[in-house]
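Work through the exercises below with the model open beside you. Try each task before you read its solution.

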Amino acid sequence: MTVQDKRATSVLSEIMSDHVFWRSLRQDLHAHPELGFEETRTSEIVAKLLAEDGIAVHRGLGGTGVVGTLKAGDGNRAIGLRADMDALAMPETADRPYKSTVEGKMHACGHDGHTVMLLAAARYLARTKDFSGTVHFIFQPAEEGRGGAKKMVEDGLFKLFPCDAVYGLHNMPGLAVDEMAVVEGPQLASSDSWRVTFRGTGTHGAKPHLGRDPVTASGHFIAALQTIVGRVVDPLQPAVVSACSVEAGDPNALNVIPDIVKIGGTARAYSPETRDQLEEEIGRLAHGMAASFGIEADYRFIRRIPPVVNATEPTQTALQAAETVFGEKVRTAFPPSTAGDDFAFFGHEVPGCYVWLGNGPAVDGALHHNTAYDFNDDAIGYGAAYWVRLTETELPVKTA
Ligand SMILES: [Zn+2]
Ligand SMILES: [Zn+2]
């Protein structure tokens, strides 16, 4: 064991003394996966366990969201710790005793483990109360693209439960369970959609001069799109612009130039500035290209999930806490993911830090969102101990 700090060693062994309970709860949640905003069984279990530990429970934010609030001492600082509860609409192919009992639904992202680790930390903190201030345990619904975090914020999460900092954690196959990556700056990309409609004047395919051809304009537009990343965005800032859908004309009418062409795609960035730039530049190209061909363009950029960017101060605190648990196995360099996490909506409201906890080697090559993926129960103690030490580090008891 590479645990360095005595305090963390005792936290870990205390939590591990209940390991059979936490592991069987994790496997029970795995066997009963629920999709975003439908986590009624899961949120019921969460609320019941928090209440049993004497933690104040608030339900209903974002529908199935649960917030547990625990105060200790007279500290006036408050923090939020986030776990997501939802599963994915996909079949589980691996055979395991606690395999999904629900057809077409599975915990393939390890949110079953996230839920249990935060519950284990809450129980420990409620028993020991070795901190001074307020901790909000935020169990969010619908992380997987259904907008759970945004809904909780809209429902007043940070008005009802003001936080000075907010923290997230995600399991990561490929890192050992006693490893954690805590990195300042961008962690996950923004994930936005865009749509362009070119409006020309349809005509006979043999008489293009009698109309205004939107098909040729859209071809130029798609080719020019890549100049945004190649010529406009700072070369040191990662960004992606992809056209993923094109609709025009009819394959049974090859002598007809259509009136309209619809194009749609995705845009990804790791900084709010680059994200703004992509929104502006795609529109500029669409309108500019339309003008040069004498047609019209409608443009819409649909902001879905902002990037997750770790703020300096909470990252320093998270690093300090992680070092007590993981010792020299804390990584401060780790490549950002091109996926998104709607924890970004929390981090947008309150300074935040999102860390990666090892899930052990990828078993049979199964990574997140694979039909054979599974959370590693050996990580429960480490993740819970991190939450505990983070709370104790963030909300220290003042010694006279
Ligand atoms: Zn996922
Ligand atoms: Zn996930």
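**Exercise 1. Is Ile282 buried or exposed, and what does it touch?**

Step 1. Ile282 has 0% relative accessibility, so it counts as buried. Buried means under 20% relative accessible area, exposed over 50%, and partly exposed in between (1.4 Å probe, protein chains only).

Step 2. Ile282 sits in helix H8, residues 272-292. Helices (H or I, at least four residues) and strands (E, at least two) are DSSP runs, numbered from the N terminus.

Step 3. List the neighbours, not counting residues up to four places away in sequence. Ile282 touches Trp194, Phe221, Leu225, Ile228, Val241, Ala267, Tyr299 and Phe301. Contact means heavy atoms within 4.5 Å.

Step 4. Take a distance. The C-alpha atoms of Ile282 and Gly133 are separated by 46 Å, and the two residues are 149 apart along the chain.

A note on the numbers. This is a predicted model: local features need pLDDT of at least 70, side-chain atom pairs count only at pLDDT 80 or more, and totals for chains, interfaces and linings use all residues. Residues are numbered from 1 along each chain as its sequence is written, chains are lettered from A and ligands numbered from 1 in the order in which they are written, and side-chain values use heavy atoms, with hydrogens and water left out.

**Exercise 2. Describe the chain as a whole.**

Step 1. Count the elements. The protein chain has 11 helices and 16 strands.

Step 2. Check burial. Of the 400 residues in the protein chain, 54% are buried.

Step 3. Check contact range. Take contacts between residues at least 6 apart in sequence: 82% of them join residues at least 24 apart.

**Exercise 3. Which residues are the protein donors of the zinc ion (ligand 2)?**

Step 1. The donors are Cys109 (SG), His111 (NE2) and His170 (NE2), at 2.1 to 2.3 Å from the ion. Donors are N, O and S atoms within 2.8 Å of the metal (3.2 Å for Na, K and Ca); water is not among the atoms, so sites may look incomplete.

Step 2. Write the spacing. In sequence these donor residues follow C-x1-H-x58-H.

Step 3. The zinc ion (ligand 1) is 3.1 Å from the zinc ion (ligand 2), and Cys109 coordinates both.

Step 4. Check accessibility. Cys109 is buried at 8% relative accessible area. His111 is buried at 0%.
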